[in-house]
Amino acid sequence: MTRIDVDEARRLWLEAPDEELKELAQGVRARWHEPNRATYMVMRIINYTNVCVAQCDYCAFYVLPNQEGGYVLSRADVFAKIDELVEFGGDLVAFNGGFNPKLPLDFYCDLFASVRERYGDRVEFYALTIAEFVYLADRARLSHAEAAARLRDAGVHWVTGGGSEILTENFRKRHAKFKYTVREYFDAQRAIVDAGLKTTATMVIGFDETLDERLEHLQRTRDFQDETAGLFSFLCWTYKPYGTAFGGREISPGEYWRHIALSRIFLDNVRHVRTSVLTQNADAFRALDYGADDFDLPIEDEVTQKAGATIELDLEGLLSIPRSLGYTVEYRRAERPAALTT
Ligand code: SF4
């Protein structure tokens, strides 16, 4: 199958039955992975602060500065959470929090350096999302390249593509006008790649985005990967509307599976397409039939939990689901960027 364009993707979405989408997605998946094998990680998202000035209308997590209920985790809290993750058999932490004006880039560099010092390469961590990175570089009056170098020097290996939601300027103006522009987002991600750090692509569906906006997001992601080859994976999850200013309803699992298939077909240059156990629970595993090949088993993420996500801690019980669908599942350790391997 040759690469499809946006018009063909739109036609597939609107007209192709599930079986056709699955078959096409499995064809692209088979270029990268064995058909009946999936990989996974056990991880924890550590939300180090809930204070945020971005005011995204789809977020139930943040409080404004000086509002009641704001927190910043202490170093001891962070270490205790990582230790607990290790007890669960996990080795991946994703740091994610709000745009807290009291926490400068140096605060994060110190935190990340202390985590690297304490855990070495036994625990890998996603230091920030691109969204937080843009905010911190801006506050520090540093170029994206300079900020990326600071993080690299602090022992950071990964700055992931989280916080992207839907990457169109129009979507950002509607829902998150203080967060970043799409141009800033990709400029920052390019700097991350150029600094020798690893990064990923993400997407969140189920707000009020149009089909054309979803397709624009996929097109921008594919173009970025053609240009840089820096994206390790693509992870899509679904919006949780509970407790948010924007509200709305959740999309169906079937819509999610079809979008995973379309993403797998369209993003023919990205190795891993990941399905979201965090937002889809048991339904996430069916997405393996639609082209996904990898997933996280998270033990905590306050951001999505505040908006209605539920987390199952019976990890063996969860793993029995893809096995019952005919997949062998293998643990995958986070990779270290080749440029930083000594
Ligand atoms: S989604 Fe992130 S950036 Fe937006 S308000 Fe919530 S914590 Fe802040």
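Select α3 (75–87) and helix α4 (residues 105–119) in this predicted model. Their axes come within 11 Å and cross at roughly 45°. α3 and α4 are therefore oblique to each other. Look for the handedness next: α3 passes α4 in a right-handed crossing.

Now show the side chains at this contact. From α3, pick Arg75, Val78, Phe79 and Ile82. From α4, pick Leu111, Ser114, Arg118 and Tyr119. Colour them by class and you get five nonpolar, one polar and two charged residues.

Stay with α3 and move to the loop between it and β2 (92–95). Select glycine 89 there. Is glycine 89 buried or exposed? It counts as exposed, because it has 11 C-beta neighbours inside 10 Å, and the cut-off for exposed is 12 or fewer.

Next, the ligand. Which residues are around the ligand? Select Cys52, Ala54, Gln55, Cys56, Cys59, Phe61, Tyr62, Gly98, Phe99, Ala131, Ala176 and Lys179. By class, this shell has nine nonpolar, two polar and one charged residues.

Select helix α6 (residues 144–153) and helix α8 (residues 182–194). They pack at an angle of about 45°, with their axes 9 Å apart. That angle makes α6 oblique to α8. The crossing of α6 and α8 is right-handed. On the α6 side, the contact is made by His144, Ala145 and Ala148. On the α8 side, look at Asp187, Ala188, Ala191, Ile192 and Asp194. The residues of this contact divide into five nonpolar, one polar and two charged.

Two backbone stops remain. Most residues other than glycine have a negative phi.

- Select glutamate 165, in the loop between β4 (158–160) and α7 (169–175). Its phi is near 45°, a positive value in a residue other than glycine. Glutamate 165 is buried, with 23 other C-beta atoms within 10 Å; the cut-off for buried is 20 or more.
- Select asparagine 281, in the loop between α11 (277–280) and β8 (294–298). Its phi is near 50°, again positive in a residue other than glycine. Asparagine 281 counts as partly exposed, with 16 C-beta neighbours inside 10 Å.

Methods. Residues are numbered from 1 along each chain as its sequence is written. This is a predicted model: local features need pLDDT of at least 70, side-chain atom pairs count only at pLDDT 80 or more; totals for chains, interfaces and linings use all residues. Helices (H or I, at least four residues) and strands (E, at least two) are DSSP runs, numbered from the N terminus. A residue is near a molecule or strand if its C-beta atom, placed from the backbone, lies within 6 Å of it. Ala, Val, Leu, Ile, Met, Phe, Trp, Tyr, Cys and Pro count as nonpolar, Asp, Glu, Lys and Arg as charged, and the others, Gly among them, as polar. Axes are lines fitted to C-alpha atoms, for helices over the stretch in contact, and angles run from 0 to 180 degrees between N-to-C directions. Angles under 35 degrees count as roughly parallel, over 145 as roughly antiparallel, 65 to 115 as roughly perpendicular and the rest as oblique. A crossing is left-handed if the near helix is turned anticlockwise from the far one by less than a right angle, and right-handed if clockwise. Two residues are in contact if their C-beta atoms, placed from the backbone, lie within 7 Å.
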